[in-house]
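These are my notebook entries on a structure that I consulted for a reader new to it. I set down what I looked up, entry by entry.

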Amino acid sequence: MDPFSIALATVTLTTAVKDLAELVQKLERSVSKPAENIRNAEMLATEVRRTLDQLKQFCDEQEGILSNADDMKVALSDLIRDMESVYNKCSGIAPVTAMKKIDKFKATFGAWKNRNKVQSEIKELMNRVNRCYTQFMMFSIMRIEKRQVISTDTRAQTSNIIRNEISTTVSDERIIGFIGSNSATLSKLPPEIQMSSDLISDAYLRLQINTINALMEKLSSTASYPVEEPTGGYLLPFQTFPTFLVVASDRFILRNDVIMQALQIQTILQGDSASLSVQVGAGALRILAVHLLELDMYHESVLISTWAIKLFRTLVTSQPTTYLPYLSLSLSNLALAQARIDDDVNGALSSISESIDIGRSLQTPFASLDIKLLLPYALRISASMTSCERNSFKSLQEAEEAVHFFDNVIASSNLTNDALQTGKKLPEILDNSSSSAAHCHAQALHQLSPSSAVYHYAQSLQRFSTSLRKVGRFAQAFQTQQRALEILDFLVPFYPDHLDLERARALYQVLEDYLFGFRPPTDALPMSQELISIFGKYFEMDRQKYGTELCNALWQNAVLLERMGQYDNALLVWKEVTYLVQEANTDRLRFARALEKVSDTLRLLDRYDEAAISRRKLVDIYQTIHKAPSRLEAYAHYDIAYDLTLAGQFPEAIRRAQTCIIQCRTLAFQDPGQYKKYLAKGLCLLSSILFNANEYKQAFDESNEAFDLYQSIIQDTPFVYPKYVACIRLQMQISQFLDNETMSIERGQHLIHHSNELVKIFPNERDQTLIYATWIHSRNLERFDRLTEATVTIRGALEWYESVPADTPSTMEMHMQCLQQMAIVLEAQGYPERALGAFEEATNIGKKLSSHPDIVDLLPWTIANRAVSLFEVGRYSEALTASQDAVSVIRGTESANTFTLVWCLQVAFIVQQFTKTTEAAINGLQEAINLCRAGITAAKDLPAKLTRLVSLSGCLISMSQARADIGNEVEAMCLAQEGLDEIMKVKSTNPILPWRDVRSMHMDTLHNLSLRLASNNNLSRALDLITEAGTYYEQRAQARNGLYPQFAWILLSQGVLYCAAGRHEEGIEARSKLTDIQERLGVAFPKLARCVQLKLDREMERPSWLALVAKLDLHCNHQDVLPK
């Protein structure tokens, strides 16, 4: 005996392991201090220590098995010796402490020179430690098997094949030969695999299966088998063993049993071939194949099943009645294993088809129920396979036949009257969701077969439910799945510890059907929580096997929480899903999907920055998986851009959208038919972001390309039409903010043409495309003062509604918008009475559906516009009523739009101040000002901020006039100046609103400020401002007659100020222009001329105007400054 063995004879295993642990700590410390040049050695030493810690823990757990293992002690002594050697070499590269420089240099140089050698030594040591650990585990496994063989026969079937004395020892040479005899072999495996006892056991079992296969091939070529009479278990009635009776927690024991079975079969096959029994061998191989299937070892199960079937075919030739059921069952199990192998679908279909044929032939009057059950069992398997092959109709037929099998069984059996009546009601049960009916049917079957029939019926119902779902019969699928769950619930009291996993899987599918809306989510949530509890229990037993199912249950729970609006709770569950997927699932795509759900929920919670951060991780994952542009990565960039847009981070959003487009272009170049639509969608997003970032021209160009792409694919891929419609609407929106008249108008005409073509294909999209495009185009024409064209355009839309009245909320809203646009154009043309008629018609339409979300905000806006129109034509009493109605309607609306409320309050002030209700008018106007200021502060985007600035300027003008009317000229002056400042912010902010569209508000602020300046003795600046305003209105009124009332008021003010400043000639000229306008309008537009006079009368009746005229004290008689 060598010295190490002699030493170990006096040393316990515990002591040896303890010494080893102390030594490895010294080794780690010896390499943990040197400089960067041996950092790799430090990392290797740390890995060695980690592995030895695991070895120590394993030895502690298996001390009863390993304590008397001298060969394991020798392995440890060898490892200690190797480790001491490495330690001595590592000590030479410890930090240098020599005092003399020359000694210090020599030591340092020597350490540097040996660094690669030391690193190599530690790496070899790590391989040695891994090998030792693996050897210990394998030894433990074999010793466990030996004890099991000696102590008991764990399965009754196994005892039938014990023919010779079986060796109960496995040599160390066999173990070492299996796990690898050199470090090079072991070093190829990653550490986490090297440490897996499951992997080692499975690999060892595969080795035994290959040995059995080789022995069977040898026997089949050399031996001949005599005809046998059935013996043993074949003389007993055929009986199947329900799989649900195998407890999942026994997987470890099952694997050890299967290893033992394999070793026993090998021993028999290696004996005298003359003593072998075909029937015993066939039975043993069939059982082994089933157990391999239960261990998810599909290739091995196929291998052994094939041999079992060959043997049963031999037996069937002489005794078909006895052996056909076993052949059918073996074929079904072979098909199950083949179906799990990706490249063997055809083989699986062939096997199960033969099994079905045999099952049909066995449906004789004298066959037992267990034999008859082979048919629905095979039909169920076949239905599953044909469904995977996308033959949904055949799958449904087979599943339905399997279910009806049980109806026939009950109808043809001698049951109690109650049970028989229940059985005859099967067709009714399938259409009845009553749980008592399913319970009675299960009870009837239970009288025939205490376990198998009821269980197979539940499984058949589940398969039928899945097949129904595949063909779109979701309601019937839901009812059938519920019934399957109720039948499993019936079996639970009989097998309390065996069915919870089967029941959980059935419950999961029921909850999947809940997501189709057959029941409210609140009903499903408790069941979902129960499901998580069940799978969670099994997950703790086998994290790898049940991690996916627990993940699916959590996924389902999160979706239910989202359906209930519990987004915070859903977010917590989604995060748990991501952690679980990372731990239990190597599928990176599934982890990416879970992470995407986290991001989506963050978006629902308005946590856009966090959503974008989460999605950046998605990009990294997809880049790792695909290594090239992919649709998933492209749309991860798309979603990041979308989230950043919502967060107002436009520059980075633009970059992300551009990255998405670059990837989509690459993909579209490779496969235009598939990826053009994705490129168009990306371009639309980029266009929308640019639009919100005030880059209108670039946004317009990008949207043009998107539109052209959709136009090119709409005929071949009509399902993209919603995106095409959205693209059309986006282009029309952008066209409203272009200062280039030609570009805006031509694009509008182009879009109307293509909208017309689209409506021919999708008539229901008329309002969302053609009418919408027509409405926006009319607004653009009106904006560029092409009023006649604007009228003709919008009239075309209104003529459609005359022939096809709007009858839905969305069409009624669009009809109201078109009527308002017609009113605005008519007012601009100088037809105030006709404009009033259009506003009134729009108001009447809105009142028909005043509470609908599509109408609720538009209606008060329309009523307020009607009030203004009534006011301008002099119908003051009606105007007052209408303005009060507008405020009342908007205040009665939940979550009222503050922008609409501001407009209604402003209109109410304009009307009320001339009905002498000044205090009420001022209070309402002050509320409007406060709302505008709050809206500017809270605005999440630039358009919202700018529109509120414009509204604020208008409110400040009105408040300035109100303060002037009560004699507070100082405050009126301040408010007038503030109004000008606010409108100038719009001009200086590169606005989303073109300056030309808000310039009239600018001129009104100048006019108001000029009057306040005049009242405060600053005629010089007042004249400068009013002259600028007059010039603008004089030019614009040439194209828009509707501006003449305001222009007339400016001319009147201008003439008075000129005369007050002594500039009488200019005062007379202004007055002459006013007179000329009134005369011309009196002839051409008499109703407009009346509106001009009404405007002048209202303004000249103002207390502030009367005070100003009195202060100026004109004596020239050039101006008529008092109302007639």
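**Entry 1**

Is R607 buried, partly exposed or exposed? I found R607 to be partly exposed, with a relative accessible area of 28%; buried means under 20% relative accessible area, exposed over 50%, and partly exposed in between, with a 1.4 Å probe and protein chains only. I note that this is a predicted model, in which local features need pLDDT of at least 70 and side-chain atom pairs count only at pLDDT 80 or more, while totals for chains, interfaces and linings use all residues. Residues are numbered from 1 along each chain as its sequence is written, and side-chain values use heavy atoms, with hydrogens and water left out.

**Entry 1. The chain as a whole**

I looked up the secondary structure and found 53 helices and zero strands in the protein chain. Helices (H or I, at least four residues) and strands (E, at least two) are DSSP runs, numbered from the N terminus. Of the 1124 residues in the protein chain, 52% are buried. I then looked up contacts, that is, heavy atoms within 4.5 Å. Among the contacts with a separation of 6 or more, 70% join residues 24 or more positions apart. The chain exposes about 50,700 Å², and carbon and sulfur atoms supply 51% of this area. Accessible areas come from the Shrake-Rupley method with a 1.4 Å probe, and for residues only the protein chains shown count as cover.

I turned to D606, which lies in the loop between α30 (588–604) and α31 (608–626). D606 is not a glycine, yet its phi is positive, at about 65°. I recorded D606 as partly exposed because its relative accessibility is 48%.

I listed the buried residues of α31, among them Y608, A611, R615, L618 and Y622. The buried residues of this helix pack against α30, α32 (631–646) and α33 (650–670). K627 follows α31 and has a positive phi, near 60°.

**Entry 2. Salt bridges**

How many salt bridges does the structure hold? I found 37; a salt bridge is a side-chain nitrogen of Lys or Arg within 4 Å of a carboxyl oxygen of Asp or Glu.

E610 forms one of them with R607, the closest N and O atoms being 2.8 Å apart. E610 is partly exposed, at a relative accessible area of 37%.

An α-helix has 3.6 residues a turn, so residues three or four places apart point the same way. R656 counts as buried because its relative accessible area is 17%.

D1076 and R1080 are likewise four residues apart, about one turn, in helix α51 (residues 1064–1084). The closest N and O atoms of their salt bridge are 3.1 Å apart. D1076 is partly exposed at 37%, and R1080 is partly exposed at 41%. I also noted a network in which salt bridges that share partners join D600, R603, R615, D639 and D643.

**Entry 3. Three further residues**

Where does A367 lie? I found A367 in the loop between α17 (345–361) and α18 (369–372). A367 is buried, since its relative accessible area is 16%. Residues up to four places away in sequence aside, A367 touches L362 and K372. The C-alpha atom of A367 is separated by 9.9 Å from that of T321, 46 residues apart along the chain.

S951 has its place in helix α46 (residues 942–965). I recorded S951 as buried, at 13% relative accessibility. Leaving out residues up to four places away in sequence, S951 touches F899, V902, Q906 and C932.

N1017 is found in the loop between α48 (995–1015) and α49 (1019–1036). Its phi is positive, near 65°, in a residue other than glycine. I recorded N1017 as exposed, with a relative accessible area of 63%.
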